[in-house]
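Good morning, and thank you for making time for this item.

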Amino acid sequence: MESTSQRFGLVAESIDGAGVRVRRYRDDDIAAVQAACDDPLSQRYLPMLPSPYTFDDADWWVREGSLTAFERGGGNFAIADPATDRLIGGIGITHEQNGNGEIGYWVAPWARSRGTATAATRALTDYAFASG
């Protein structure tokens, strides 16, 4: 049986954009997710995050939480520096039954003010439209 994520084409392991790589989360991202999501500015603009944001919270997100969007036709991805593959943020896309979608993102403190969110949004949007 074909899964929703396969039907809508969000099966890429990574998507390269202008200065960013949008890719699946990996176990070696857990510490960086924890540090970024426990940042005061991240906490301010993402009030649904647990506070403090612990290593266990990040572990759950990388291994389980981020995968649920794929089951509903969307996806949650890490944003990485294409030169080092180090995590610099996160981005997700939803697919609604009415054909609409929504993108949300966060950028780690060490990667802010460099156009990271813009580049990742463009890369993921282009991929989503190309995938149907």
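I begin with a pair of side chains: Asp 85 and Arg 23 meet in a salt bridge, at 3.1 Å from N to O. By salt bridge I mean a side-chain nitrogen of Lys or Arg within 4 Å of a carboxyl oxygen of Asp or Glu. Asp 85 lies in the loop between β3 and β4, and Arg 23 in strand β2 (residues 21-23), so the pair ties together parts that are 62 residues apart in sequence. Helices (H or I, at least four residues) and strands (E, at least two) are DSSP runs, numbered from the N terminus.

Please note that this is a predicted model: local features need pLDDT of at least 70, side-chain atom pairs count only at pLDDT 80 or more, and totals for chains, interfaces and linings use all residues. Residues are numbered from 1 along each chain as its sequence is written, and side-chain values use heavy atoms, with hydrogens and water left out.

Are Asp 85 and Arg 23 buried or exposed? Both are buried, where buried means under 20% relative accessible area, exposed over 50% and partly exposed in between (1.4 Å probe, protein chains only).

Asp 85 also forms a salt bridge with Arg 26, whose closest N and O atoms are 2.4 Å apart. Arg 26 sits in the loop between β2 and α2 (30-37), so this pair ties together parts that are 59 residues apart in sequence. Arg 26 counts as partly exposed because its relative accessibility is 32%.

Arg 23, in turn, meets Asp 29 in a salt bridge of 2.8 Å, N to O. Which residues does the network link? Salt bridges join Asp 16, Arg 21, Arg 23, Arg 26, Asp 28, Asp 29 and Asp 85.

I turn to the helix. In α2, Ile 30, Ala 32, Val 33, Ala 36 and Cys 37 are buried. They cover an arc of only 165° around the axis (taken from the directions from the helix axis to the C-beta atoms), which puts them on the same side of α2. The buried residues of α2 pack against α3 (40-45), α4, β4 and β5, contact being heavy atoms within 4.5 Å.

Finally, the pocket. By class, the lining of the largest pocket has 15 nonpolar, six polar and four charged residues. Here Ala, Val, Leu, Ile, Met, Phe, Trp, Tyr, Cys and Pro count as nonpolar, Asp, Glu, Lys and Arg as charged, and the others, Gly among them, as polar.
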